[in-house]
Amino acid sequence: MTGSSAADLPAVLRTGLLDPVARAALDWQPFRPGVEAHWLHRSPDGGPAAALLRYAPGSDVPRHAHAGRETILILDGRQSDDAGTYETGTLVVNEPGTEHKVRSDTGCTALLIWERAPRLYEGT
């Protein structure tokens with residue numbers, strides 16, 4: 001890593017992405033009702049982004065479309081969408097042009113990486 005050090009990494013990457021204690025101590029911001037985000041990287045132009053999303057039990061993210069690839073790693077809990085239910089440790093890849101509505105009946109924390117910002121449908 002040229003020109004960077006471990007001190008330049010977000011706290012969760014320095015202490016361990018899989019450590020629930022380290023994740024709980026992060027700066028969580030409202031994302032959608034019942035869903036909080038900790039942004040690891042966010043392009044101001046809607047380009048590439050990475051975040052941890054923390055879903056409260058029973059929360060959801062409305063139907064949205066993907067202009068770029070979305071990669072999701074379920075870190076704890078369980079998440080569902082139109083295609084199925086994903087347990088802790090599951091890696092989900094949503095290709096450009098796909099759409100879905102995401103929910104978590106039990107609550108979960110997931111790492112999301114977007115090539116392009118998703119487009120939420122009107123009224124959602």
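Q: What counts as a strand here, and where is Ala-67 placed relative to such elements?
A: Strands are DSSP runs of at least two residues, numbered from the N terminus. In this predicted model, Ala-67 sits in the loop that connects E4 and E5.

Q: Is Ala-67 buried or exposed?
A: A residue is called exposed when its relative accessible area is over 50%. Ala-67 has a relative accessible area of 57%, and therefore it is exposed.

Q: Which residues does Ala-67 contact, apart from its neighbours within four places in sequence?
A: With those neighbours set aside, Ala-67 is in contact with Pro-96 and Arg-116.

Q: Is Ser-104 buried or exposed, and in which strand does Ser-104 lie?
A: The term buried applies under 20% relative accessible area. Ser-104, a residue of strand E8, has 0% relative accessibility and so counts as buried.

Q: What surrounds the side chain of Ser-104?
A: A polar atom of the Ser-104 side chain lies 2.6 Å from the backbone oxygen of Arg-78. Beyond its neighbours within four places in sequence, Ser-104 is in contact with Arg-78 and also with Tyr-55, Ala-56, Pro-57, Gly-58 and Ser-59.

Q: Which residues does Leu-53 touch, not counting residues up to four places away in sequence?
A: On that basis, the contacts of Leu-53 are Trp-28, Phe-31, Val-35, Glu-36, Ala-37, Cys-108, Thr-109, Ala-110 and Leu-112.

Q: What is the volume of the largest pocket, and how many residues line the largest pocket?
A: A pocket may be described by its volume, its lining and the elements that supply that lining. The largest pocket has a volume of about 340 Å³ and is lined by 22 residues. Phe-31, Trp-39, Trp-114, Ala-117 and Pro-118 are the lining residues that lie nearest its centre. The lining comprises 13 nonpolar, six polar and three charged residues. Strands E1, E2, E3, E4, E5, E8 and E9 each supply at least two residues of the lining.

Key:
Residues are numbered from 1 along each chain as its sequence is written. This is a predicted model: local features need pLDDT of at least 70, side-chain atom pairs count only at pLDDT 80 or more; totals for chains, interfaces and linings use all residues. Side-chain values use heavy atoms; hydrogens and water are left out. On a 1 Å grid over the protein atoms alone, a cavity is a set of points where a 1.4 Å probe fits but cannot get out, and a pocket is an open set with protein on both sides within 12 Å along at least five of seven lines; lining residues have an atom within 4 Å of a point. Grid points are joined across faces, edges and corners, and a volume is the space filled by probe spheres set on the points. Helices (H or I, at least four residues) and strands (E, at least two) are DSSP runs, numbered from the N terminus. Ala, Val, Leu, Ile, Met, Phe, Trp, Tyr, Cys and Pro count as nonpolar, Asp, Glu, Lys and Arg as charged, and the others, Gly among them, as polar. Buried means under 20% relative accessible area, exposed over 50%, partly exposed in between (1.4 Å probe, protein chains only). A polar contact is a pair of N or O atoms within 3.5 Å; within protein, one must be able to donate a hydrogen and the other to accept it, and residues adjacent in sequence count only if both atoms are side-chain atoms. Contact means heavy atoms within 4.5 Å.
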